[in-house]
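Please examine the sequence and the model together. The paragraphs that follow lead from a working term to the overall fold, and then to particular helices and residues.

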Amino acid sequence: PACQLAAGLQSCRQLTKVDLCDNEIDSTGCLELAAALSESRNLRVLDLSNNCIRSEGLSQPTAAVEQWALVELWLFSNEIDDQRVRELVEASRVCTALGVLDLSRNFRMTEEEKGR
């Protein structure tokens with residue numbers, strides 16, 4: 001299903017918000033969606049919360065955040081590990097436009113990471 005959605009989104013370059021929460025998107029689907037949205041320079045809000053995305057589905061978080069000039073990135077309630085969380089936090093420090101980065105309730109996060 002995510003690959004079909006990705007194919008449809010590929011031509012939608014004027015999107016400013018994509019809300020795909022609660023869709024059981026896995027890591028492979030996330031990578032397909034990221035590739036499809038790679039030319040969406042107007043994308044400001046991306047909500048992939050409450051899916052099944054693991055760290056490998058976020059292969060280049062800094063590049064994605066910078067490329068899209070995101071203002072909001074919602075990734076809560078997935079399966080992102082501590083290392084990828086740290087990388088996303090670092091990316092958010094570089095990308096000053098990013099005002100919301102929600103990484104809460106990731107099942108692979110330690111309590112220390114949840115407090116950041």
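A residue is called buried when its relative accessible area is under 20%. The model discussed here is predicted. By this criterion, the buried residues of helix H2 are Ser-27, Gly-29, Cys-30, Leu-33 and Ala-36. Helix H1 is included in what covers the buried residues of H2.

The wider setting may be described next. The protein has 116 residues, of which 40% count as buried. Its secondary structure comprises 5 helices and 4 strands, and from the N terminus on these elements run in the order α-β-α-β-α-β-α-β-α. Among contacts in the protein with a separation of 6 or more, 86% are accounted for by residues 24 or more positions apart.

In soluble globular proteins, nonpolar side chains tend to be buried together. In this model, the largest nonpolar core has 26 residues, and those touching the most other members are Leu-46, Leu-48, Leu-73 and Leu-75. Two or more residues are given to this core by each of helix H1 (2-9), helix H2 (27-36), helix H3 (61-68) and helix H4 (82-94). With neighbours within four places in sequence left aside, Leu-48 is in contact with Leu-20, Ile-25, Cys-30, Ile-53, Trp-74, Leu-75 and Asn-78. Cys-30, one of these partners of Leu-48, is also among the buried residues of H2.

On the H1 side, the contact is made by Ala-2, Cys-3, Leu-5, Ala-6 and Leu-9, and on the H2 side by Gly-29, Glu-32, Leu-33 and Ala-36. Classified by residue type, the contact of H1 with H2 contains 7 nonpolar, 1 polar and 1 charged residues.

Residues up to four places away in sequence not being counted, Ser-27 touches Cys-52, Ile-53, Arg-54, Glu-56 and Gly-57.

How values were computed: Residues are numbered from 1 along each chain as its sequence is written. This is a predicted model: local features need pLDDT of at least 70, side-chain atom pairs count only at pLDDT 80 or more; totals for chains, interfaces and linings use all residues. Side-chain values use heavy atoms; hydrogens and water are left out. A nonpolar core is a set of buried Ala, Val, Leu, Ile, Met, Phe, Trp, Tyr and Cys residues joined through side-chain atoms within 4.5 Å. Buried means under 20% relative accessible area, exposed over 50%, partly exposed in between (1.4 Å probe, protein chains only). Contact means heavy atoms within 4.5 Å. Ala, Val, Leu, Ile, Met, Phe, Trp, Tyr, Cys and Pro count as nonpolar, Asp, Glu, Lys and Arg as charged, and the others, Gly among them, as polar.
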